[in-house]
Amino acid sequence: MQRIYLDANATTPVLPEVFDAMRPFWLEAFGNPSSAHHSGQRARSAVERARASVAKLMNCAAKEIVFTSGGTESDNLALSGILQPFLDDRQPSHLVTTQIEHHAVLYAAEALEKRGIEVTYLAPTRDGIVDPATFEAALRPHTRLVSIMLANNETGAIQPIGKLARIAKAHNRSILFHTDAVQAAAKLPLDLTGEFKNVDLLSISGHKMYAPQGTGVLFVRSGVHLTPLFHGGPHERQRRAGTENVPGIVALGRAAELALNWQLEAGNSQLVPPNSSSATIAALRDRLESGLLATIPNTHINGSTTHRVPNTTNLRFDGVDAESLLIALDMQGIAASFGAACQSGATEPSHVLLAMGLSPAEARSSLRLSLSRLTTADEIDRTLQIIPAAVARLRSLA
Ligand code: PLP
């Protein structure tokens, strides 16, 4: 059976160019970048080259890039790193975030709340987007930090981060703004000098952008003081102790170069150039989505269709248990995902879909399909045969 991978928001494959770039740093150039000898210095220059490549992708300075172990660490470092000093000084402090964040932010916020930080969890509109007026109304005199994601992992909905960060700074220049851009990197331009010039901290993760799992970045704007999570060596300008994951960092640097090339090909719009093979992501997603809507009655799209990353669709099939659908699809070779987390042994409906106003039953009948740059037209055609039949079968059994 030829398997079809439609779960790129969970993780992307490592591209061959990325793998080739990292390989020597396990086998030959394996030195510790902190060592003064040749082998160490070779590793050091590779890390710094990668830092420059990531900085170029995000249009920021290399010294503003902190390498981490992934999106979860970057998010935790941003939230705790900014709020810890206020806790230490017992100053009243308020964090604004949303109900649709990834658990890396949501649970970090909840942990800070238990330690005395006031937290506002904004609800999105039915489209899964945070309304700027609602956001502005939530700001308080002692709001210290905002953390709102750029693209949602379940619906792909893009939040108006440039606008929200402008509102926060207009309210009070000292409010810091963090965005989790894990699902936006390599899909949307991340311009920290242009559209996102009011963003102070931004997280990305290697394994959502064709580099390996366990690699990530936190952008920390110059002048922003961050209390580190870990105690140890002076790595990453005292912001993240621990010997660098050199092969992973090199891979992330190479992935950033590829993403920048796609962005330039696409003319700085969503990274879907009209006349190249990579152009097909949005076109393939749209073909998949419209094909499923046309052939399966009582099917709906969850979330915005106008402000959305090019690779994601979240579909609701009335009366179908998405968990059963997922298993049926897996048996036929299709990897998809349904927005749910297994908590204490029970499958909970997606917190994102519930926050958007869907009922638990609606959330439980929703499926996420997310394409990668390796998804082919043939795979989409086969998916368009398999999913309608699987939905019809499950409905006939209900
Ligand atoms: N933030 C978002 C929006 C994500 O989708 C994910 C992963 O799914 C993360 C954070 C966590 O990233 P990582 O898996 O690299 O820890």
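Helices (H or I, at least four residues) and strands (E, at least two) are DSSP runs, numbered from the N terminus. This is a predicted model, in which local features need pLDDT of at least 70 and side-chain atom pairs count only at pLDDT 80 or more, while totals for chains, interfaces and linings use all residues. Residues are numbered from 1 along each chain as its sequence is written, and side-chain values use heavy atoms, with hydrogens and water left out.

Strand β7 (residues 201-205) and strand β8 (residues 216-220) run antiparallel and are joined by five bridges; two strands pair if DSSP finds at least two bridges between them. Both belong to an open sheet of seven strands with mixed pairing, in the order β2-β8-β7-β6-β5-β3-β4. At the edges stand β2 (65-68) and β4 (118-122), each with a single partner strand, so one side of each has no neighbour in the sheet. On average, neighbouring strands here are turned by 20° against each other, direction ignored, with axes taken as lines fitted to C-alpha atoms (for helices over the stretch in contact) and angles running from 0 to 180 degrees between N-to-C directions.

## Around the ligand

Which residues come nearest to the ligand? Of the 13 around it, they are Gly71, Thr72, Asp180, Ser205 and Lys208; a residue is near a molecule or strand if one of its heavy atoms lies within 4 Å of it. By class, this shell has two nonpolar, eight polar and three charged residues. Here Ala, Val, Leu, Ile, Met, Phe, Trp, Tyr, Cys and Pro count as nonpolar, Asp, Glu, Lys and Arg as charged, and the others, Gly among them, as polar. Helix α4 (residues 71-88) gives the most to the shell, with three residues.

Polar side-chain atoms lie 2.6 Å from a ligand oxygen atom in serine 205, 2.8 Å in glutamine 183 and 2.8 Å in histidine 207. The protein buries 86% of the 380 Å² that the ligand exposes when taken alone; accessible areas come from the Shrake-Rupley method with a 1.4 Å probe, and for residues only the protein chains shown count as cover.

## An enclosed strand

Now to strand β10 (residues 312-317): six of its six residues are buried, so the strand is largely enclosed by the rest of the structure. Buried means under 20% relative accessible area, exposed over 50%, and partly exposed in between (1.4 Å probe, protein chains only). Thr312, Asn314 and Arg316 point one way from β10, and Thr313, Leu315 and Phe317 the other way.

β10 pairs in the antiparallel sense with strand β9 (residues 299-301) over three bridges, where histidine 300 has arginine 316 as its partner. β10 also pairs with strand β14 (residues 366-370), again antiparallel, over five bridges; there, threonine 313 stands opposite leucine 369.

## Residues worth a look

Lysine 169, in helix α7 (residues 161-171), counts as buried at 7% relative accessibility. A polar atom of the lysine 169 side chain lies 2.8 Å from the backbone oxygen of isoleucine 175.

Most residues other than glycine have a negative phi. Glutamate 236 has a positive phi near 50°; this residue lies in helix α8 (residues 235-238) and is buried, with a relative accessible area of 7%. Asparagine 298 also has a positive phi, of about 55°, and lies in the loop between α10 (280-295) and β9. At 49% relative accessibility, asparagine 298 counts as partly exposed.

Notes: Polar contact = N/O pair within 3.5 Å; in protein donor to acceptor, adjacent residues only side chain to side chain.
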